[in-house]
Amino acid sequence: MFLTISTTGDKANPATDMGFLLHKHPDSPFSAPLSYGTAHVLYPEADAERCTAALLLEVDAVALVRRGKGKGRGGAPDAALAQYVNDRPYAASSLLAVALSSVFSSAMRGVCKARPELPGQPLPLRVEVPALPARGGPALVGRLFEPLGWTVTADPVALDTEFPDWGDSRYVRLVLESDTLTLAQALRHLYVLLPVLDDAKHYWVSADEVDKLLRAGEGWLPGHPEQQLITSRYLTRRWSLTRQALERLELVRLAETDDSVVEEMDNAVAADTGEEEKPTPLAVRRREAIVAALAASGATRVLDLGCGQGQLVQELLRNPVYSEIVGVDVSMRALAIASRRLGLDRMGERQASRVRLLQGSLSYTDKRLRGYDAAVLSEVIEHLDLPRLPALEYAVFGAARPRTVVVTTPNVEYNVRWESLPAGHARHGDHRFEWTREEFRAWAAKVAERHGYDVGFVPVGPDDPEVGPPTQMAVFVTGETKDRKEAKAA
Ligand code: SAH
């Protein structure tokens, strides 16, 4: 079972630079044991003009079967023989993808400390997989790879060359060529699409496969014309996971097409300030209000849920009171911007230990979010479809259960005061709803009651006598927190 990756170059940009990217030296063959066999990397050719790296996978069929026992597929009696007599050891497949990610993990992430300028550069690339099981045939192979910038050759492999009447096998010889992609992109495409074509994963698909898929699919899977097929096959048609993944991909797409508008509106001047000097942008006022609420709560370990581009995380980080700040967002693009804003990659160890950015969706319970003092949901709830709001409510107030939760959302009544907002329009293209003060209070009161919190409300921005403030904020505290505070005061 093997695949090769080749590139070309010249004296100034030798093809052998690929060795830096793959973290495997062209002169020394590399082998690594995997749980179901051994992976080898070697270079059949390596000079300035051409360099080819080959990944070879020796599969131990027995280890594979033992490992899969009792899990997922393979439990049916007639499957027993198939476990021993199958094509796993010979055909490129999902196992090759797993090998790819264990042997080339840094390359997949685009990390290259020795030559940091290399990973971002597109390369002339040629990938060849001599025998790839391809359910859906050559046509599907084209539909999967072509939208990503590959020129695809997928020739069906005859079942037996001596008996052409027998027709084609389900294998193709795959050649992919491109000069617009980076090596990391190419590896991520293969990592996802090889198992999609194989369509017969032998190992158990767990919930974190969704995370793996989204990570590897970053930058190309959201919006891919075959996104649905890719997702459902990758997750071996486990519908609950597929649905979860598709929903997250959709959120990523929405968040990434639309989040520039937020700041624009927030920086707009409220019509009624009547002051000469430049008024404070609403986004700043909101952060001030949130920071004040957090300070009053005494929290030191804080979640910023739907942290966007990390402005609040950055502000909290400046205050040494906060020992742990975790930003969570569904948009990888927003997280990448947040990471740059915070300078995560050049931060000292002590500072870095105080902050983390996690990709995740707030409409699913997430163990990583348990046990914090406080959580902030700043301008986030209105980005969820109303029917998904109870899921967020449970994930935050029921499962993560921080002692304090601060929620802000636009007050729709105030919209008439925004000079630039056409009547009846939401402030942001991605807002699924905007609430009146009464609607927000009614929701918050129910949430508090259902989950054992007390809730209070704070206006943010100029509190208009008729329509109220532009932003409304609710501060929830658990019953126990309140009791403790009162005891302390007494
Ligand atoms: N809290 C920031 C950003 C608000 S914009 C601020 O106050 O400026 C809303 C953010 O919520 C976006 O970054 C969007 O990606 C994120 N978001 C929307 N739905 C989400 C979900 N279901 N899970 C996690 N994040 C979500």
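**The ligand site, the aromatic cluster and selected local features**

In this predicted model, the ligand is surrounded by 16 residues, and the closest of them are Gly306, Gly308, Asp329, Leu362 and Ser378. By class, the shell comprises 7 nonpolar, 7 polar and 2 charged residues.

Several polar contacts can be traced within this shell. Asp329 places a polar side-chain atom 2.5 Å from an oxygen atom of the ligand. The backbone also takes part: a backbone N or O atom of Gly306 lies 2.7 Å from a nitrogen atom of the ligand, and a polar backbone atom of Val330 is 3.3 Å from a nitrogen atom of the ligand. The ligand taken alone would expose 570 Å², of which the protein buries 92%.

A pair of aromatic rings is described by the distance of the centres and the angle of the planes. Across the whole structure, 10 aromatic pairs are found. In one of these, Phe433 and Trp435 adopt a tilted arrangement, with 4.5 Å from centre to centre and 35° between the planes. Phe433 and Trp435 are both buried. Another pair, formed by Phe440 and Trp443, is stacked, with the centres 6.1 Å apart and the planes at 20°; the pair counts as stacked because an angle under 30 degrees meets that definition.

The placement of this second pair can be followed along the chain. Phe440 and Trp443 both belong to helix H17 (residues 437–451), where they are 3 residues apart, about one turn of the helix. An α-helix has 3.6 residues a turn, so residues three or four places apart point the same way. Both Phe440 and Trp443 are buried. The two pairs are part of one aromatic cluster, which consists of Phe397, Phe433, Trp435, Phe440, Trp443, Tyr453, Phe457 and Phe476.

In helix H4 (residues 94–103), 7 of the 10 residues are buried, so the helix is largely enclosed by the rest of the structure. The buried residues of H4 are Ser94, Leu95, Leu96, Ala97, Ala99, Leu100 and Val103. Helix H9 (residues 227–234) contains Gln228, a residue that is exposed, with a relative accessible area of 56%. The C-alpha atom of Gln228 is separated by 7.1 Å from that of Leu246, although the two residues are 18 apart along the chain.

Most residues other than glycine have a negative phi, and most peptide bonds are trans. His23, although not a glycine, has a positive phi of about 60°. His23 lies in the loop between helix H1 (18–22) and strand E2 (30–34) and is partly exposed, with a relative accessible area of 38%. Glu379 likewise has a positive phi, near 55°, and is found in the loop between strand E11 (374–378) and helix H16 (389–400). With a relative accessible area of 13%, Glu379 is buried.

Key
Residues numbered from 1 in each chain as written. Predicted model: local features only at pLDDT ≥ 70, side-chain atom pairs only at ≥ 80, totals over all residues. Heavy atoms only, no water. Near = heavy atom within 4 Å. Polar contact = N/O pair within 3.5 Å; in protein donor to acceptor, adjacent residues only side chain to side chain. Areas by Shrake-Rupley, 256 points an atom, 1.4 Å probe, with all protein chains shown as cover. Nonpolar A, V, L, I, M, F, W, Y, C, P; charged D, E, K, R; others polar. Phe/Tyr/Trp six-rings, centres within 6.5 Å; stacked < 30°, edge-to-face > 60°. Buried < 20%, exposed > 50% of the residue type's maximum accessible area, 1.4 Å probe, protein only. Helix = DSSP H or I, 4+ residues; strand = E, 2+ residues; numbered from the N terminus.
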